[in-house]
Amino acid sequence: MLNETKAGKFRIQGNTILVTIIFIFLTAAPFFMSSFRMNMFGKYMCFALIAIGIDMIWGYAGILSLGHGVYFGLGAYCMAMHLKLEASGGALPDFMAWSAMEKLPGFWKPFESTAFTLLAVVLVPVTVAAIIGSLTFLNRIRGVYFSILSQALAYALATFMIGRQEYFGGSNGLTNFSTIFGCPIQSTQTKIILFYCTLAALILAYVGCRFLVKRRIGRVLIAVRDAENRARFTGYSPAVYKVFVYCLSAALAGIAGALYVPQVGIISPTDINISPSIEMVIWVAVGGKGTLVGPVLGALVVNFLKSLISEQFPAFWQFFMGGVFILVVLFLPGGLVSIKEIPAKIKARKLKKEE
Amino acid sequence: MANPILQIKNASITFGDFKAVKNVSTTVYDNEIRFLIGPNGAGKTTLLDAICGKNKLSSGNIVYYNDGQEYNLPKIKENKIVNIGVGRKFQAPSVFSGITIYENMELAAVTNRGLMASIGNKLPAEIRERIDEQLQFIGLYELRNEYPTVLSHGQKQWLEIGMLCVSKPRLMLLDEPVAGMGRRETQRTAELLKIIQKECAVIVVEHDMQFVREVASWVTVLHDGEILCEGTMDEVQNNQQVIDVYLGRGGE
């Protein structure tokens, strides 16, 4: 390429190697991991999928969303409604019966169809994102104002879900699934299939986003992030680009939610509220934003450590997570993926001292 | 007589109770370098902002002529205004620091700036040549693969002016382009403006009187939001009122 420096090429290659290693590791995982661990990694991959989406809006376009639990939740609930109907086999879902509902609410009916569910998993989050995005970005709400607004949104949705016990299972959420598209959800075989579906979605998302950021649109997003006004007065409409990338990241979060539900077996308002939404941002920050591979690494590593530590010291993992976040922000502002640049930095500092 | 490219008709701009621009009318012609001068707070930048759509007019109109068409600028969105040929440079240099200098130029040079076009990556040879030429002219060709963070203040100003030029505007609005530049750099910017002038009209807000003298074809003096006088630099310089309110104070 004409406009690629040597250093730039080297960095790209480094990240490509890293992402290849991660994907090979994940592909091989079912062969050497216990079913329990594999299932765990299936869940982490869903998180990695969300992280890629957040990196697209935060790392590239500079939009910090503290409420991505909303889109994850919408995708997850759509899938959970379908699974719940499958599990009830024509009868009224159990929690509705407990809430003295007499018949299935109208908006549940279409979720009996597999095709509709698969579409809804993407389209519901994207539609909501398009509405929220248009209202905010066209009115030039940005920066910290947008972050606060997005957070309020997560809180509102979670509160709504808790309040609507009869429609969405309240704070218990939706659970007790038995089959997914006819396959028993607990069987190892189904779990392996779900694992590879998630891996495929993750790889596709990575490759797709990588393709986009290497195109001109990636440079426009960075331009909007660095100097929105300059971008506007260079003839680009920042709002259009922002709405697009926001919808893209909502779609990824929605797909992640849909893959999460059958692997974890439950979705509840706790999983989509403010604090999981902030965790999502932490994965991206720890891994290294603006790199695409960083968020994948961050989501896998942080969640793996979280599981390990919470198995041993259940009371401590939150302190650990906070600690990791502070350490990364202080000493590795580029995230885990920037570790490889440290030797060069030390060298440069030494040279400076000698001068 | 040259063709008019921009007509400001009785434009007024108010912020709350404060009248920043009062009933200003003037016409800018093709291939003209128009300077707006005047003391701080005279409304120069506010007027530029109104032309490029950043400020709203409270009354009056601004009409822009291009390719035999008439556009009422106050009714058009900022990014559309750019796409019909009005380029704007702000006072503080502002470039995209996260992409290379070449890529900065690329974003400015492409003609279709819609979302779908940006998913493509095509950069016609003709545009690439134009970018290379421009980079050579502003002296940043060797640095094209670096990020703008390595540039000095003056170089950033040039990069931004270069980005404007490469987008081939018909009317260019520059807000203090030589602020913070040394004599030599200012000299070079003057040369650059003279070249730009061949293809488009330029409106410049500037305090550097030597620079104004060198390149201005017509000068508008603003004071307290009103036009004090208009004319060639010589005429303006000898106007007693102008000397009283502005030039007499050492030209700031």
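1. Helices α12 (residues 274-287) and α14 (residues 317-331) of chain A approach within 9 Å, axis to axis, and cross at roughly 40°. Axes here are lines fitted to C-alpha atoms, for helices over the stretch in contact, with angles from 0 to 180 degrees between N-to-C directions. α12(A) and α14(A) are therefore oblique to each other. The classes are: under 35 degrees roughly parallel, over 145 roughly antiparallel, 65 to 115 roughly perpendicular, the rest oblique. The crossing of α12(A) past α14(A) is left-handed, a term used if the near helix is turned anticlockwise from the far one by less than a right angle, with clockwise giving right-handed.

2. From α12(A), the contact uses Ile282(A), Ala285(A) and Val286(A). From α14(A) come Met321(A), Val324(A), Phe325(A), Val328(A) and Val329(A). Contact requires C-beta atoms, placed from the backbone, within 7 Å. By class, the residues are 8 nonpolar, no polar and no charged. Nonpolar covers Ala, Val, Leu, Ile, Met, Phe, Trp, Tyr, Cys and Pro; charged covers Asp, Glu, Lys and Arg; the others, Gly among them, are polar.

3. A note on provenance. This is a predicted model, in which local features need pLDDT of at least 70 and side-chain atom pairs count only at pLDDT 80 or more, while totals for chains, interfaces and linings use all residues. Residues are numbered from 1 along each chain as its sequence is written, and chains are lettered from A and ligands numbered from 1 in the order in which they are written.

4. Chain A has a mean pLDDT of 91, with 96% of its residues at 70 or more. pLDDT is the predictor's confidence in each residue, from 0 to 100. Among the elements of chain A, helix α1 (residues 6-32) has the lowest mean, 80, and helix α11 (residues 238-264) the highest, 97. Residues 1-10 of chain A fall below 50; this stretch has 7 contacts beyond near neighbours in sequence.

5. Chain B has an open sheet of 6 strands, ordered β6-β7-β8-β3-β9-β10, with mixed pairing. Helices (H or I, at least four residues) and strands (E, at least two) are DSSP runs, numbered from the N terminus. Pairing needs at least two DSSP bridges between two strands. β6 (86-89) and β10 (226-231) of chain B are the edges; each has a single partner strand, so one side of each lacks a neighbour in the sheet. The twist averages 15° from one strand to the next. Antiparallel β9 (residues 218-223) and β10 of chain B share 5 bridges. Val219(B) sits opposite Gly231(B) in β10(B). Helix α7 (residues 183-197) of chain B lies across β3, β7 and β8 of chain B, at about 145° to β8(B).

6. A 4-stranded open sheet of chain B runs β2-β1-β4-β5, with antiparallel pairing. Its twist averages 20° from one strand to the next. Helix α1 (residues 44-51) of chain B packs on this sheet, touching β1, β2 and β4 of chain B. β4(B) and β5(B) form a hairpin with 2 residues between them, and Asp67(B) in the turn has a positive phi of about 55°. Asn66(B) stands opposite Gln69(B) in β5(B).

Technical notes: Two residues are in contact if their C-beta atoms, placed from the backbone, lie within 7 Å.
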